[in-house]
Amino acid sequence: MTQYGTFSLGSQFVNRLGYGAMQLAGPGVFGPPKDRHAAISVLREALELGVNHIDTSDFYGPHVTNQIIREALHPYADDLTIVTKIGARRGDDASWLPAFSPEELKQAVHDNLRNLGLDVLDVVNMRVMIGDGHGPGEGSIEASVSVLAELQQQGLVKHIGLSNVTPTQVAEARKIAPIVCVQNEYNIAHRGDDALIDALARDGIAYVPFFPLGGFSPLQSSTLNEVAHSLGATPMQVALAWLLHRSPNILLISGTSSVAHLRENMAAAELTLSAETLATLDGIAAKG
């Protein structure tokens, strides 16, 4: 974990390889897991391996992942930063729906507090769902961020982050309250946020890529496979190592429901990529 160091996230510096709890819920991030004991074991093993940054949300399940985190880890270690997100809810059919009214946002913060067993949330990301919700869409987020800033002033939220946003929306939010992290889709083949990552790095703001391994459609690349073979690693380990090399403000939250897969992901921190290898990997996005 030490090779790639730490980066600031709110009040604390966290190890750059963290854990995303989404997969602890049932299929489609809905309902309970098949094996609750296994989910608890993954969380405890993550901390044993040096993870001190966990990403979650009360709309995973809903409520499921937060309740499992509480059962597995509460009372929480002093150096553990738990990041959650609001701005969406789940339909009875497992659909993902916007939840942006002031009442919904406030309720979401209280739901996260209750299910995590906390009096104050370390970091809350505002998940923006404009357009189809599957990618950033332009539009003002002032009203939503202002509600979150009000909850921050009330002492319920320490720090504010953003998710699924455009650079214009980041700038708008930063005029309302300090922003400590941005969470967007980004990986070795999906590099639309290159300029944003560099801009955030200059201002000391963390960038947390979701779908770092391609999400529900895992990354497929002959180049990635060839590099992994040459290094004696898996393609997914190389993809994670590339992200760690990409910029010092990138924090990873790859998720899994398997202890063995967790250990495999964490081993990515042991990989060192040469300048030549990085140049080869950089070409994957161009080919895409």
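**View 1. Right-handed crossing of helices H1 and H9.** The crossing of H1 and H9 is right-handed, a crossing being right-handed if the near helix is turned clockwise from the far one by less than a right angle, and left-handed if anticlockwise. The model is predicted: local features need pLDDT of at least 70, side-chain atom pairs count only at pLDDT 80 or more, and totals for chains, interfaces and linings use all residues. Residues are numbered from 1 along each chain as its sequence is written, and side-chain values use heavy atoms, with hydrogens and water left out. Helices (H or I, at least four residues) and strands (E, at least two) are DSSP runs numbered from the N terminus. The axes of H1 (residues 36–48) and H9 (residues 259–266) come within 9 Å and cross at roughly 25°. Axes are lines fitted to C-alpha atoms, for helices over the stretch in contact, and angles run from 0 to 180 degrees between N-to-C directions.

**View 2. Residues between H1 and H9.** Ser 41, Val 42, Glu 45 and Ala 46 of H1 meet Val 259, Leu 262 and Arg 263 of H9; contact means heavy atoms within 4.5 Å. Four of these residues are nonpolar, one is polar and two are charged. Ala, Val, Leu, Ile, Met, Phe, Trp, Tyr, Cys and Pro count as nonpolar, Asp, Glu, Lys and Arg as charged, and the others, Gly among them, as polar.

**View 3. The open parallel sheet.** Seven strands pair in parallel in the order S3-S4-S5-S8-S9-S10-S11; two strands pair if DSSP finds at least two bridges between them. S3 (19–20) and S11 (206–207) are the edge strands, each pairing on one side only. Between S4 (residues 53–55) and S5 (residues 81–86) there are three bridges, and His 53 has Thr 81 in S5 as its bridge partner.

**View 4. Strand S8 and its neighbours.** All seven residues of S8 (residues 121–127) are buried, so the strand is largely enclosed by the rest of the structure; buried means under 20% relative accessible area, exposed over 50% and partly exposed in between (1.4 Å probe, protein chains only). Four bridges pair S5 with S8 in the parallel sense, with Thr 84 opposite Val 124 in S8. Six bridges join S8 to the parallel strand S9 (residues 157–163), where Ile 160 is the bridge partner of Val 124.

**View 5. Packing of helices H7 and H8.** H7 (residues 222–231) and H8 (residues 235–246) pack at about 95°, with their axes 8 Å apart. The contact residues divide into eight nonpolar, one polar and no charged.
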